[in-house]
Amino acid sequence: EEVNDHKVLIKTYVSLGNVLQRDKQYEKALICFKNILLLSWVHDLKNCELEAYNGIAIQNFYMGDVKKCAIYLERVISGIHEADHSTMKRVAIQSYSVGDFDRKKDMRFLLFCESKHGGTILDYTCKHLSKILEL
């Protein structure tokens, strides 16, 4: 069943991400924090966006990617949000709002957008991502 209350959904992703992190399932936790990021963009929740960046930074640290960790932590510390005119953000919001994609396809679509626009948000291949999403 579709969850319409985005705040409940975000809290659920935060909790699930934290549990997965505690269980050292960092790639799956990363997916949770990326979903939070998507929802924060869709609903213009700046604090949730920073919380998502923090979670993404931590997972990247645990997975050994200190460079990405530093990029996301800098966003958190400096309070840097994705620009509203960002192509990746605009396309992600549009695809989510239209409802063209289910949750898995939303994430794959964001991955495609990132690969075309050189972002650092979603960095897994679709094949690898689809395996991770089988929670």
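Biologist: Which residues have the most contacts inside the largest nonpolar core?

Modeller: In this predicted model, that core has 26 residues, and those with the most contacts inside it are Ile10, Tyr13, Ile36, Leu37, Leu39, Tyr53 and Ile56. At least two core residues each come from helix H1 (6-22), helix H2 (26-42), helix H3 (46-62), helix H4 (66-78) and helix H5 (87-98).

Biologist: And which helix supplies the largest share?

Modeller: That is H2, with 10 residues of the core, and H2 is mostly covered, since 15 of its 17 residues are buried.

Biologist: What span should H2 have, and what does the model give?

Modeller: At 1.5 Å a residue, the 17 residues of H2 should span 24 Å, and the end C-alpha atoms are 24 Å apart, so the two agree. Just after H2, Asp44 takes a positive phi of about 50 degrees.

Biologist: Switching to the surface, which residues make the nonpolar patch?

Modeller: Phe61, Tyr62 and Val66 make a nonpolar surface patch of about 320 Å². Phe61, which lies in helix H3, counts as partly exposed because its relative accessibility is 48%, and the range for that class runs between 20% and 50%.

Biologist: What about Val76, where is that found?

Modeller: Val76 is in helix H4 and is partly exposed, with a relative accessible area of 25%.

Biologist: Which residues does Val76 contact, leaving aside neighbours within four places in sequence?

Modeller: Those are Leu50, Tyr53 and Asn54. As for Asn47, its C-alpha is 9.6 Å from that of Val76, although the two residues are 29 apart in sequence.

Notes:
Residues numbered from 1 in each chain as written. Predicted model: local features only at pLDDT ≥ 70, side-chain atom pairs only at ≥ 80, totals over all residues. Heavy atoms only, no water. Core = buried A, V, L, I, M, F, W, Y, C linked by side-chain atoms within 4.5 Å. Buried < 20%, exposed > 50% of the residue type's maximum accessible area, 1.4 Å probe, protein only. Helix = DSSP H or I, 4+ residues; strand = E, 2+ residues; numbered from the N terminus. Expected span 1.5 Å × (residues − 1). Patch = residues over 30% accessible without salt bridge, like charges linked within 9 Å, V, L, I, M, F, W, Y side chains within 5 Å. Areas by Shrake-Rupley, 256 points an atom, 1.4 Å probe, with all protein chains shown as cover. Salt bridge = Lys/Arg side-chain N within 4 Å of Asp/Glu carboxyl O. Contact = heavy atoms within 4.5 Å.
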